Amino acid sequence: MNIWLTQLKKATYNTSFMYNLRMIIAFAGTAFIPYFMGNQLMTIPLTLGVVAAGLSDIDDRFSVRIMNLIYTYIGFFITAASVQLLFPYPIFFAIALIVSCIALILLGSLGRRYATISYGCLVISVYTMLGVNLFEHWYTQPTLLVIGAAWYGLISTISYLLFPARQVQDKLSQSYSSLGDFLFAKSNLFDVDMTAESYQQSMITLSMDNGKLVGIFNDMKTTLLTRLKGDRGQTDTRRSLQYYFVAQDIHERADSAHIDYQQLAQIFEHSDILFRFQRILTLQAKACKDLSQSILKRTTYSHNPRFEHAFINLRKSLKKLQQDQDYDVIWVNALYALYQNLKAINAQLQNLETERNITFDKSKQIESQLKDDDLKGWDDIVIRIKQNLTPESVLFRHAIRVSMVLLVGYIFVQMTDIQYGYWVLLTALFVSQPNFNATKRRLKLRILGTIAGIVLGFAILYFVPSTEGQLLLLILSGVLFFDLRSKQYAQATAFITILALINFNLDGLGFQAALPRLIDTIIGCALAWLGVTFIFPDWKFRRLPHTIQRSLVAHCDYLTEIVYQYHHGRNNGLNYRVMRRAAHNRDADVASLVSTLATEPDFDPIQKSLAFEFLCLNHTFLSYIAALGAHRALVDDPEVLNLLDRAVEDVKGALLRDESPDLNSNNMIQSIRDRLNQSDTDSSKSLIILQQLSLIFSILKQLSTLKQSLSNERDEQSTELASL
């Protein structure tokens, strides 16, 4: 009996299993309750209500979750009822379609909650179009759609009450898993066989992984913040907050660069030192992956005992390098700084679950440790909406584009009277994404998935003629759709297509609906492609210089805050964390933009090369600053502090005001070299500062030149476009 209970407990720790179980119960209810009531037609809106509610599910604390559900149901009913009532009047319906679409998408500017509910309302509107003639009374279908959504909401709320900390722990596990990926990518920079090409590719990979990690950290922060607002001293929530802060600290240290890795590989290519650093980074990456699994499975993390032996041998190798006169003392000092950083990461991992690391000062307000980005009132709402009422806003362009695509699709359906034509609108809605590359990728996957779904659906309808068997397969298809929708979009599309065919077969139209489904999907994809290509095409609004400038401003603010702490002492307070997060967010924006630009049409090859070069150098620059941040502490030496202050001003002058960095940089580098030559009189802390300043100034001119080149290149293109 105890074994069975243990296995059952482990099953509840499996997030995927529990989520799929929730979806099985939800779809089973919408499939078999109407079956036993003798009204199988009800299954269609009930099932679609579950799908829309599942797409609109928002993680939040209990009180806010209930309010979200109420807002969702009200929105669903108003949307569905409006479609039913306006449907007989095409002109009024078309006007309402375009106005509501723009309004709902722009509502997403108010935050994640509103964006999710708005998207669900858009989905419900098209689902209502598909079944507008199913029932006699106008209110029947809207009511059934809301009942289906409420049924899912009831199950998800019960699941939340049973496992209130699950979402936080899952996000936390994901954070450490992504942190492990980042450390693996970082270890590639210690490859002794690295070439210029492989180095650039490693830096691009590292920058992309950094962007993913920063995005996960942002999601984790949002999840934590909503829990902390309603916190009543829950240990799990506060423990998760500590884990989150530790992950951020490890990230800062791991992202630090104490040395030029290309030169490092050349100088130490015949030494074992790089292999040892790479080995420790790999072990730490594996440790983060193990910790991720421990969080997921609710087990105690056990630190790998091999770390102690690895650090002992690394320390011995460093001592040998120090005694060897062939190596410059500056390089050896930099390696010692890196060694200290890795030791600090190891200490964080080793002591993460000790009691002293999970206790909190209850006199402090936990909320103040995270920046709250929620709405602060009506003034904040007006400001956010106004900020997005411009073509420069991605959200505004997406709203106009999607609304126009849906309007054109609606007119096309009205003019051609194509069978099941509203699948055209549904496809266009699901496929349309804010940028060209994401939309193009979804187009291919949607068509492939639809073809596969129709083939499988035909087979199911033919070989499983019984209603009971088809209902069971409907449940399975719905569960697999939700399980795969964020991982394998083509497969998810195949299963939602099967679900749609089975739904229509309940009305005796399954075989007749298959071919129209494929035709409508292709037409919807074509409209989405035309929309993203010709309606506010994304590449014409790409502001690479603006994104670069924002990134450099954030880097300079981060550097300024670090220098401030060298003056006044180390402080992990909110202001420092906000500056650090902003710098990494802006770096991730550059990485995302450059990778997207490279896939879009008519992207200049020269600009592409410069953009990727800037991407690598920008992340290197951030890594040099992060190393200063990792070692920040109170410094008493007035000359070192003066160098730090001058460095901040020179960096801002070169990167923000386009001042020539040559003269100031040369003077600064000479000052640093003079101090490094007197290394016997400096503390290790001062040596690290001087070394990092030297690295920062070694790339400052190149970074400034690249920034100006990309800005000039973009200005020339804008002038050419304006003259056409």
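Which residues of α5 are buried? The legends below take this helix first. The model is predicted: local features need pLDDT of at least 70, side-chain atom pairs count only at pLDDT 80 or more, and totals for chains, interfaces and linings use all residues. Residues are numbered from 1 along each chain as its sequence is written, and side-chain values use heavy atoms, leaving out hydrogens and water.

**View 1. Helix α5 and its cover.** Helix α5 spans residues 90-107 (helices are DSSP runs of H or I, at least four residues, numbered from the N terminus). Its 18 residues reach 25 Å from first C-alpha to last, close to the 26 Å expected at 1.5 Å a residue (1.5 Å times one less than the number of residues). F93, A94, L97, I98, C101, L104, I105 and L106 are its buried residues (under 20% relative accessible area, 1.4 Å probe, protein chains only). Their cover includes α4 (62-86), α6 (112-130), α15 (378-387), α16 (394-416) and α17 (422-431).

**View 2. Helices α12 and α13.** The axes of α12 (residues 273-297) and α13 (residues 306-323) come within 10 Å and cross at roughly 155° (lines fitted to C-alpha atoms over the stretch in contact, with angles from 0 to 180 degrees between N-to-C directions). The two helices are therefore roughly antiparallel (over 145 degrees).

**View 3. Residue S477.** S477 sits in helix α19, residues 467-484. Is S477 buried or exposed? S477 is buried, with a relative accessible area of 4%. Leaving aside neighbours within four places in sequence, S477 is in contact with F495, I498 and L499 (heavy atoms within 4.5 Å).

Notes. Buried < 20%, exposed > 50% of the residue type's maximum accessible area, 1.4 Å probe, protein only. Parallel < 35°, antiparallel > 145°, perpendicular 65-115°, else oblique.
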